[in-house]
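This briefing is for a reader new to the structure shown below. Please keep the sequence and the 3D view at hand while reading.

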Amino acid sequence: MGTALIYDEEMTKYKLLWVDPACKIEVPERLTVSHEALVKNGLADRCISIPVREATDAEILLAHSEEYLEAVKKTPHMSLEDLKEFTLQYGDVYFHPNIYHCAKLAAGAALQLVDGVMTGKVRNGMALVRPPGHHSMRSAANGFCVFNNVAIAARYAKQKYGVKRVLIVDWDVHHGQGVQYSFEDDPSVLYFSWHRYEHQQFWPQLRESDYDSVGKEKGAGFNINVPWNKVGMENSDYLSVFCHLLLPVAYEFCPDLVLVCAGFDSAIGDPEGEMCASPDIFAHLTHLLMNLAGGKLCAVLEGGYNLTSLAQSVCQTVQTLLGDPVPRPAKLSGPCKSALESLQCVRSAHRQYWSCLRHAADLPTSDISTKRLKLTEEGENAEKKEEGEQSTQDQVWPEPPERMAPPVRCALVLPDDVACPHGCRRFSCSDDLDPLVVSKLRESFLKDSDDSDSLTALSSLISLTEKMEENEICSGLALVRDVTVAMACVIQHLATALSNRLLVVCVGDCEVPSPIGEDGRTLVVQIGSQETNDQKSKYYIPVCLKEGCRDTSGFIQAVFGLVLPLGYEYDPSLVLLVRMPGSGVCDSVWQQLTVLLQGFAQGHTLVLMQEDEKACVGPTASSLLWDPAPPLGQLQAPLPEDVEGVERLRQKLQAEWKLLQTTAAPEAGGGDEH
Ligand code: Q6P
Ligand code: ZN
């Protein structure tokens, strides 16, 4: 199952025909540079190209009024003067004789993408379209948008395919108020948007873009707004909102389809957004959403006005949809104070609707909405920002690193009687393993016994980690006689090389070899049920759940609330995922974890399992090959004691691990100023 790319040059064939400073950034080159970059990087060729089509009237009417459609229909025949005048009734948008045609193609492209994904022709895909859609309303064009491509697509998916729940993630830097209005009272569509807000000073300056617009009536809780009240947000700010808000809610919601309003004006260099997140962050955002809805993800282009940043971001997104290993995230600090304030406000506003947020803290004491009121009162007196102050547009940033898919995707160390799953390589110890290493293995782990099978397995394991370090193999799986011994063996071996940073995720109760990680070269996170003696170091983090790994909700909460943020902040060069016998974790949860962890260390994940868990080799290998993990179903509330336990742990650790923060402490320690 592949990745669809939908693009048609026709959508470059309209432009601004008069002078309007607000609209001059929305140029045809936005599409051409994006597409050319995909071609140049060999990504377009790897996608399945699906043709565009015009959306029909009936389809457009899924999100728009007849009056509006009829009005837009007249624009191809208007004179320049008439077009100008027609444009005047709307905000920040322009019309052109060919824009109606393009708008039908843009909406149609989104529908073609939904068809491709829903029929199983492709797994996921991206549509490169103009005009964008998320600002357009039932009866109004707005913000460069004519028809609401994604809103139409969501309704279409529900109608044509009986999709029950749709998640719309709007990572564009502007608020897609059109999408919000479309689904405000609809609990079947969960709309998430983050956007530059600056206490309502930033376009479109709407009161209802704030965190307290949570949806209406039956739809209460199904509209999530994250206002950015400062510019300059960075990768850590975005990731922290994903880990502590969007992902837990999205997994609880359990969509059948994910639509992304994929605007890239939220990346560095954009003149509108003025944010500082690097283009490769979109690889992570995409990766983190790719296992919802069984992988059914449709990304539809919205904004993005710095052509360099836009093209890089589009490539990062598509390359991730194609399943290439995700780059190590650049420069992760902690979230900034303003981002934490926003996060705290949204979590607090939504805690009555989502059980994963039930423990969220109250609004910050420095209530940020007071600031909005104050600024609104100041109103017109507010100082205008200096024109021509173009600091962020002159930003330079390094080109995202080339993402090399190793020649071997997944290699397995298996006993002879276990078949190697399709698409994987059976791995056995090559002769080039240093004999010194072998004798050391024998000494340390086999107590000089003559267990030659075990020695072979351990040697293979070590040699596998070496091939992973050399980027010849991406991920690995070993079925071993004793996972505890194998784990100790890998930890010890990797500690010999200075450049290594090993993240060990232990599923189930296990004995972690001590001393662990005083030097920070190994971080161990263990999820089990044993009340563990206190955490011994910053780098050994035992998470205790009442039912251990049996309770899906509790486990998932620990994954998003602890494991992912810790992993991001630690930035390992290799991930070791250990499955203890009798952990009780079910296959689908295990697969989700396996896939999610591949967001670290360029996908270098090594899984250890005990010999008698043969049945799990298939599902694990499939996740190491990036097959979409099966959905977990709508999640129930986690056990109260687990919620509390995880929360307490997060509180305790957040002084040392900044990405665990979810609140802005009024005094010291509450996040850095960017
Ligand atoms: C922003 C209009 C321009 C003010 C100039 C889906 C994509 C978008 C549109 C933004 C319109 N204000 N300083 O539309 O959200 O990027
Ligand atoms: Zn935008």
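Two strands pair if DSSP finds at least two bridges between them. Helices (H or I, at least four residues) and strands (E, at least two) are DSSP runs, numbered from the N terminus. This is a predicted model, in which local features need pLDDT of at least 70 and side-chain atom pairs count only at pLDDT 80 or more, while totals for chains, interfaces and linings use all residues. Residues are numbered from 1 along each chain as its sequence is written, chains are lettered from A and ligands numbered from 1 in the order in which they are written, and side-chain values use heavy atoms, with hydrogens and water left out.

**Sheet with S13 and S14**

- An open sheet with parallel pairing holds 8 strands in the order S10-S9-S11-S16-S15-S12-S13-S14.
- Its edges are strand S10 (425–426) and strand S14 (540–544); each has a single partner strand, so one side of each is left without a neighbour in the sheet.
- Strand S13 (residues 522–528) pairs with S14 in the parallel sense over 5 bridges.
- The bridge partner of Val525 in S14 is Ile541.

**Sheet with S4 and S5**

- Another open sheet has 8 strands, ordered S2-S1-S3-S8-S7-S4-S5-S6, and its pairing is parallel.
- Strand S2 (48–49) and strand S6 (223–228) are the edge strands, each pairing on one side only.
- Between strand S4 (residues 166–170) and strand S5 (residues 189–196) there is parallel pairing over 5 bridges.
- Val166 stands opposite Val189 in S5.

**Loops with marked backbone geometry**

- The peptide bond from Arg130 to Pro131 is cis, with omega near -10 degrees.
- Pro131 belongs to the loop between strand S3 (122–127) and helix H6 (149–161).
- A cis peptide bond also runs from Trp203 to Pro204, with omega near 0 degrees.
- Pro204 is placed in the loop between S5 and S6.
- His199 is not a glycine, yet has a positive phi of about 50 degrees, and His199 is in the loop between S5 and S6.

**Ligand 1**

- Ligand 1 is surrounded by 17 residues (near means that a heavy atom of the residue lies within 4 Å); His134, His135, Asp265, Glu302 and Tyr305 are the closest.
- By class, this shell has 6 nonpolar, 6 polar and 5 charged residues.
- For these classes, Ala, Val, Leu, Ile, Met, Phe, Trp, Tyr, Cys and Pro count as nonpolar, Asp, Glu, Lys and Arg as charged, and the others, Gly among them, as polar.
- A polar side-chain atom of Asp92 is 3.3 Å from a nitrogen atom of ligand 1.
- An N or O atom in the side chain of His174 lies 3.1 Å from an oxygen atom of ligand 1.
- From a polar side-chain atom of Tyr305 to an oxygen atom of ligand 1 is 2.5 Å.
- On its own, ligand 1 has 470 Å² of accessible area (Shrake-Rupley method, 1.4 Å probe), and the protein covers 85% of this.

- On a 1 Å grid over the protein atoms alone, a cavity is a set of points where a 1.4 Å probe fits but cannot get out, and a pocket is an open set with protein on both sides within 12 Å along at least five of seven lines; lining residues have an atom within 4 Å of a point.
- Grid points are joined across faces, edges and corners, and a volume is the space filled by probe spheres set on the points.
- The count by this rule is 4 cavities of 30 Å³ or more.
- The largest cavity holds about 220 Å³ of space.
- It is lined by 21 residues, with Pro248, Cys356, His359, Ile556 and Gln557 closest to its centre.
- Helix H8 (235–253), helix H16 (552–570) and helix H19 (640–653) each give two or more residues to the lining of the largest cavity.
- The second largest pocket has a volume of about 530 Å³.
- Its lining has 25 residues, and Asp453, Ser454, Thr456, Ala457 and Leu458 lie nearest its centre.
- H14 gives the most to that lining, with 6 residues.
- The lining of the second largest pocket divides into 12 nonpolar, 5 polar and 8 charged residues.

Notes:
Polar contact = N/O pair within 3.5 Å; in protein donor to acceptor, adjacent residues only side chain to side chain.
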